[in-house]
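Open the model in your viewer and keep the selection tool ready. The stops below go from one selection to the next.

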Amino acid sequence: MKKEKPIILVTGSKGQVGQELQLLSPEFPAFDFVFVDIDELDITNLAAVKEFFGQTQFLYCINCAAYTAVDKAESEPNIAWKINAQGVKHLAEACAKQNASLLQISTDYVYHNAQNWPYKETDITNPQGIYAKTKLEGDKLALETNPGRTAIIRTSWVYSSFGHNFVKTMLKLGPERGELKVVYDQIGSPTYARDLAGAMLTILQKIETGQVAKEKLNGIFHYSNEGVTSWFDFAVAIFEMNQMDVKVAPIETKDFPSPAKRPHYSLLNKAKIKTTFGLEIPHWQQALKACLARL
């Protein structure tokens, strides 16, 4: 009798990470995948989530659904809370009922304090804006609701060849304006969504092949590409790699006011995810080259 493949549910499949997961899924034939976005499953609707999970036995759920409009969240706190907190709880409840593991993508914004060395998963959180606060609440609810089977993966500065992101904005505005002002006093690591997606699928594959115990897929982990940069240096690298003659002027965050506060330092310590799952993480410059080649 043929053994059924474990099924991975991916929510928010039209987002950056969700679309990268779709592209990478054929490289992981040991799994069956179900990809949904809000049209197929509104995670803020508990009844809809229960009904959807009632139709299929999932072994894993990767939640890529999120309210990510950082500034807009300040004027839409209820919507952000519904998606980033309540929706996550709904998924965690459904996963708990099926003994499924939940992989919840979170953000470096939850830390946002005066620390100036790479954040560990155990460091104190101090979210400043609505987006950050709702994401942290989602993290807490997921861990409480599906205990022992929830992995929170906090990441930073996500970009890809899909959707709206810093890299695509630079490539659009650079030729239009010829000169751009970019903040230089915000430090972190960019994350190529394709690398993050690949890392999560690699982790699940290692669990299914017995290389890593399933119990280890629990708690908080950090993932971004290796290395450190500023938004200014990131912009310069984008134009240099793409051989575009665009002048980039460094400015301070105070000269670029926005409704939501951005952390000045959000470098993530990735030792835990690397040692736990035996991952090798590409440097951000290598990842950027790969993304630009696809664009």
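This is a predicted model, and a search of the whole structure finds 8 salt bridges. Side chains of opposite charge can pair when their charged atoms come close.

Select Arg194 and Glu20. They form a salt bridge whose closest N and O atoms are 3.2 Å apart. Arg194 lies in helix H6 and Glu20 in helix H1, so the pair ties together parts that are 174 residues apart in sequence. Are these two residues buried or exposed? Arg194 counts as buried, because its relative accessibility of 17% is under 20%. Glu20 is also buried, at 0%.

Now show the two helices, H1 (residues 16–24) and H6 (residues 193–208). Their axes come within 8 Å and cross at roughly 60°, so H1 and H6 are oblique to each other. The crossing is right-handed. On the H1 side, the residues in contact are Gln16, Val17, Glu20, Leu21, Leu23 and Leu24; on the H6 side they are Ala193, Arg194, Leu196, Ala197, Gly198, Met200 and Leu201. This contact is made up of 9 nonpolar, 2 polar and 2 charged residues.

Next, select Lys274 and Glu226, whose side chains meet in a salt bridge of 2.7 Å, N to O. Lys274 is in helix H8 (residues 271–277), while Glu226 is in the loop between strand S10 (219–222) and strand S11 (229–230), 48 residues apart. Lys274 is partly exposed, at 27% relative accessibility.

Last, select Asp255 and Lys254. In this salt bridge the closest N and O atoms are 3.4 Å apart. Asp255 is partly exposed at 46%, whereas Lys254 is exposed at 60%.

Definitions and conventions: Residues are numbered from 1 along each chain as its sequence is written. This is a predicted model: local features need pLDDT of at least 70, side-chain atom pairs count only at pLDDT 80 or more; totals for chains, interfaces and linings use all residues. Side-chain values use heavy atoms; hydrogens and water are left out. Axes are lines fitted to C-alpha atoms, for helices over the stretch in contact, and angles run from 0 to 180 degrees between N-to-C directions. Helices (H or I, at least four residues) and strands (E, at least two) are DSSP runs, numbered from the N terminus. Angles under 35 degrees count as roughly parallel, over 145 as roughly antiparallel, 65 to 115 as roughly perpendicular and the rest as oblique. A crossing is left-handed if the near helix is turned anticlockwise from the far one by less than a right angle, and right-handed if clockwise. Contact means heavy atoms within 4.5 Å. Ala, Val, Leu, Ile, Met, Phe, Trp, Tyr, Cys and Pro count as nonpolar, Asp, Glu, Lys and Arg as charged, and the others, Gly among them, as polar. A salt bridge is a side-chain nitrogen of Lys or Arg within 4 Å of a carboxyl oxygen of Asp or Glu. Buried means under 20% relative accessible area, exposed over 50%, partly exposed in between (1.4 Å probe, protein chains only).
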